[in-house]
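Reader: I would like to learn how to read a sheet and a nonpolar core in a model of this kind. Could you take me through the features one at a time?

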Amino acid sequence: MLVIGPYLRVRAGSADAQSESHGLSNQVQRDAEARLDEAVGLARAIDLVIADAIIAPVSQIRPATYIGKGKVEEIAALAKSLDVELVVMDCALAPIQQRNLEKQLHAKVLDRTGLILEIFGRRAKTREGSLQVELAHLNYQRSRLVRSWTHLERQRGGFGFMGGPGETQIEADRRLIQERISKLEGELKKVQATRRLHRAGRQRVPYRVVALVGYTNAGKSTLFNRLTRADVQAADMLFATLDPTLRALNLPHGGKAMLSDTVGFISNLPTQLVAAFRATLEEVLEADVILHVRDISHDDAEAQQSDVDAVLRQLGINPDDSGRIIEVWNKIDRFDAEQREELLNIAARRPADHPAMLVSAVSGEGVDALLAAIEERLAAKRTTLDLSIDAADGAGISWLHRNAEVLAKELHDGRFDMTVRVDETKREIVVSRFDAVPHLSAT
């Protein structure tokens, strides 16, 4: 296959540059080579063989083919010489542009959205993931139906010879697609209802939810495995994991939370996928703490951060909410001692309410400090209490260990003096049952 990077060249100060820089895309800020490398990585994620990858600068988008006539002819000659069957355009193509390019290049053409949908189709393992991918794919395909069945363009309807024209083939296909979309949306509503029930069950326990978000291949799944001792698939490829996973997270003082690993984000994430995966991303919407995992070793780390922030805003989450979001700088194991010291200095200069946690999900460096930071954020919404309980009250002590974080526990004269931290929903129970009082040094 052949990968083409048809990147728009925009002059600084032009109207196009201003509109581009104010949109959700970071194409202006991204280096063309880095963008092409990412497109190649996407193609390799589904085991496509790359014959060549080239950058095709575009001064003006052509309505018919996106790129200019001369560039189309050049790519067609290259595709013929390499005998490629598939050309991937790293941009969003209109249906007519895709069809025209296929005719002129004599090869199947896939745009960025179509490629990502193919990857997601391969990666989805659970029924929920499959439903979401199929819904996104049908919404994408619905706008790309062309009149391929000209011999069936008009079917006679009604009675006798005077019947009016029946529905066209393209209308029949659109109707069938719309019926399938409606069915999938109904099934996904059931998934959302089930998730709400599960979430309500966790709130009764209650378990706080910590969600991982970040650019694809930032190391979220590796960090998830490190924090929870799980075995979620983690690989050095884009979209290695797709289906959401929840695991228990043990906090330093004995408390528990639920850690959620979500699908990775990417620049120009198709709107169909944001909409289709909203059921999955509800775990992020409902999370008490969000860990924004960044591959700090990546050359495009800043642009990737902006892409993730843009998707979070699409979901209605403020990426600047320091009380809820913790920025995690992952893969520090890739830096030497001098570079790591420079990173530490940069992190130290950040505002106190916007800290950056430096970690290596591979080696485990910095994970303890990250867990402490998570616990501190969760504790901001909990109450710290002091109490004294008879050492013989085994049931009460056991209940406290199950339903609260035991911060301190000392035995004096047959009684345990304890300092515990509890959720607001359990505060009245602890106060009334154990005669607890607010901890004097609680913040």
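Reader: Which residue is the bridge partner of Leu212 in strand 7?

Author: In this predicted model, Leu212 has Asp261 of strand 7 as its bridge partner. That pair belongs to a parallel arrangement, in which strand 5 (residues 208–214) and strand 7 (residues 256–261) are joined by five bridges.

Reader: In what order do the six strands of the open sheet come?

Author: The order is 6-7-5-8-9-10, and the pairing is mixed. Because strand 6 (245–250) and strand 10 (356–358) each have a single partner strand, they stand at the edges, and one side of each is left without a neighbour in the sheet. On average, and with direction ignored, neighbouring strands of this sheet are turned by 30° against each other.

Reader: Which strands does helix 13 touch as it packs on the sheet?

Author: Helix 13 (residues 367–379) touches strand 5, strand 6, strand 7, strand 8 (289–295), strand 9 (325–330) and strand 10, and its direction makes about 175° with that of strand 9.

Reader: How should I read the largest nonpolar core, and which residues touch the most other members?

Author: A nonpolar core is a set of buried residues joined through side-chain atoms within 4.5 Å. Here the largest one has 38 residues, of which Leu115, Ile119, Phe265, Val284, Ile290, Leu312 and Ile317 touch the most other members. Helix 2 supplies the largest share, five residues. Leaving aside residues up to four places away in sequence, Ile317 touches Val284, Leu285, Ile290, Leu312, Arg324 and Ile325. A second, separate core has 24 residues, including Ala218, Leu223, Ala257 and Leu291.

Technical notes
Residues numbered from 1 in each chain as written. Predicted model: local features only at pLDDT ≥ 70, side-chain atom pairs only at ≥ 80, totals over all residues. Heavy atoms only, no water. Pairing = 2+ DSSP bridges. Helix = DSSP H or I, 4+ residues; strand = E, 2+ residues; numbered from the N terminus. Axes fitted to C-alpha atoms, helices over the stretch in contact; angles between N-to-C directions. Contact = heavy atoms within 4.5 Å. Buried < 20%, exposed > 50% of the residue type's maximum accessible area, 1.4 Å probe, protein only.
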